[in-house]
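You asked for a short note to go with this entry. The points below follow the chain through its repeats, rings, helices and charged pairs.

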Amino acid sequence: MRNDSMSRKEKGNIVSFFPTGEFYYTKGMKALEKRELTKAKKYFSRAMDLEPLDPIIACQLAIVETELGHYEQSNGLLHFVLDDLDPRMSECHYFLANNYAHLGSFKDAFRHAQAYLDLNEKGEYSDDAEDLLELITLDNEDAFDDLYEQDEMMEMQEESRYLLESGHFAKAAEHLEKTVKKYPDFWAAYNNLALAYFYLGQTEKAHNVLEDVLEKNPGNLHAICNKIVFYFYEKKQEPLHYLADQLAKIQPLIPDQQFKIGATFALIGRYEDAYRWLKKLQKSGFEGEAGFYYWLAYAAHFTGHPETARSAWKKVIRDSPEKEGLEPWSSLTDESDIERNPEAIVGYLNGDRDEERLFGIFLLSLAGDQKEVMTHPDFCDIDYLQPHEKIYMADVLGMPVDNSLLSEMNTRLAHETALTLYRHFRPLKKDEAGLFMIWFSIFLELQNQKTKLTKPAGLAAAVEYIWRKLRSEQVSQAGVADKYSVSVSTVQKYAKFIRKHLL
């Protein structure tokens, strides 16, 4: 009785509590004082959710992001304060200057440090801002001009890289041509120009650019690696082997260069050389993205290091779950399985229709030995592939492709939906190829329609439903919905689109 009475009493005295932005701001400040940065970020973020128009909260969150080393996120918040909340908060200019200095954007750092001093000559951070300006300019106008020029070079490089990775190859080439004309010793721009030409199918011009780089800058590692990749796709075995042997003699010290060598060797199937460099990088503590672990897994698998291969593959799946099922050891030998039959894969890659070639690229991603397929005498001419097909192929081969490009081309949707279907139809027989051809036809139509049908499981369920209906099989929407763990309404919605635009 006593406990029940106490319970009733406590309930009767409960006062509703709705935390405010100020409440979380105060908790954030206390966490910041204790240097509990993760907690501080959580509290300031919650405060900003509750009071999104408070410039002080946004500015404080930006400071924490800087402390965590998230300079770009901090800059976004600081620009939001100045542009939309309170342009009078001059201290934001100093914080921006500090962030841009850390990012190496000296022109922007100089501009914001000077803006802070112009607005607040005797402000709290005026001494720090003057020190930053002095550090940037190094008391030497010529030195600052050099830094300014480097900043401009990097901006031009970033713009061209965005164009290149967004599939705007012609614009990228035009931009890079201007860049190398203005900065004739900017070798990174030359290498990207060669890639732009190659993607445009202008292979002779691409090779000429690399030859020019190697003549003026002998031993340029990225030029050598790009040339090897070009030869590999062009199936020019003799120059490929010669240049790969030359590459094997290079001993770079910079981790990014070591990764470039290792990935290049893995791509062309020289797994011993690839494993040597990639494993060395891993031992040194190198933390790469999914592409690094992808090539490490393949190099380790084909050189007899299964534990390293499986450990690396776990990290591939962690960052790129769509690659599940593409492990280098998941190779079957039954050639009636078309994903294991090089002749069948090459046939689809050379197909006349877009959906055939996309299906061929998907099969290439499943191939147990991609090198065997890519060195097949009838392997497709990559120069004639569509931009989205080139990007899709680069992605499934584990080559680094910028996420903005993948988003624009939407090839991840094509691949993830095909993988979802494949998990229910593995191994693939020839009779089931039509299911995937229907999907890739639908994908191309989705590209044209710019719809919001983006769930791979829902698309896969609807495609199988339509495919079985076309084959006059007994099938229900509820059945496929359950099979792919989606709602019946999703199957209905997606199937309706398919009937309307494809059938």
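**Notes on the predicted model**

1. **Repeats on record.** An unreviewed UniProt entry places the feature "repeat: TPR" at residues 21-54 and 187-220. The model itself is predicted. Residues 21-54 are 79% helix and 0% strand, with end C-alpha atoms 9 Å apart. Residues 187-220 are 79% helix and 0% strand, and here the end C-alpha atoms lie 8 Å apart.

2. **Cysteines.** The structure has 0 disulfides. C225 is buried, at a relative accessible area of 0%. C380 is buried too, with 2% relative accessibility.

3. **An aromatic pair.** The model contains 25 aromatic pairs. One of them joins F259 and F292: the ring centres are 5.7 Å apart and the planes stand at 75 degrees, so this pair is edge-to-face. F259 belongs to helix α15 (residues 255-267) and F292 to helix α17 (residues 290-301), so the contact ties together parts 33 residues apart in sequence. F292 is buried, with a relative accessible area of 0%.

4. **An aromatic cluster.** Ring pairs also link a set of residues into a cluster. The members are Y271, Y294, W295, Y298, F302 and W313.

5. **Helix α16.** This helix covers residues 271-283, 13 residues in total. From first C-alpha to last, α16 reaches 18 Å, close to the 18 Å expected at 1.5 Å a residue. Its buried residues are Y271, D273, A274, Y275, W277, L278, K279 and L281. What do these buried residues pack against? They pack against α15, α17 and α18 (306-319). Just after α16, G285 takes a positive phi of about 95 degrees.

6. **H388.** Helix α22 (residues 387-396) holds H388. H388 is buried, at 17% relative accessibility. Beyond its neighbours within four places in sequence, H388 is in contact with L358, M409, T411 and L444.

7. Side chains of opposite charge can pair when their charged atoms come close. The count here is 18 salt bridges. One of them joins E174 and K178, at 4.0 Å from N to O. Both sit in helix α10 (residues 169-182), 4 residues apart, so about one helical turn separates them. E174 is partly exposed, at 46% relative accessibility. K178 is exposed, at 53%.

8. **A salt bridge between helices.** K227 and E211 meet through their side chains at 3.2 Å, N to O. K227 is in helix α13 (residues 221-234) and E211 in helix α12 (residues 203-216), so the bridge ties together parts 16 residues apart in sequence. K227 is buried, at 4% relative accessibility. E211 is partly exposed, with a relative accessible area of 40%.

9. The side chains of E464 and K483 form a salt bridge of 2.9 Å, N to O. E464 lies in helix α26 (residues 456-470) and K483 in helix α27 (residues 477-483), so the pair ties together parts 19 residues apart in sequence. E464 is buried, with a relative accessible area of 2%. K483 is partly exposed, at 32% relative accessibility.

Conventions: Residues are numbered from 1 along each chain as its sequence is written. This is a predicted model: local features need pLDDT of at least 70, side-chain atom pairs count only at pLDDT 80 or more; totals for chains, interfaces and linings use all residues. Side-chain values use heavy atoms; hydrogens and water are left out. UniProt positions are given in the numbering used here, feature names are shortened, and annotations may be inferred rather than shown by experiment. Helices (H or I, at least four residues) and strands (E, at least two) are DSSP runs, numbered from the N terminus. A disulfide is a pair of cysteine sulfur atoms within 2.5 Å. Buried means under 20% relative accessible area, exposed over 50%, partly exposed in between (1.4 Å probe, protein chains only). Rings of Phe, Tyr and Trp (its six-membered ring) pair if their centres lie within 6.5 Å; planes under 30 degrees apart count as stacked, over 60 as edge-to-face and the rest as tilted. Contact means heavy atoms within 4.5 Å. The expected span of a helix is 1.5 Å times one less than its number of residues.
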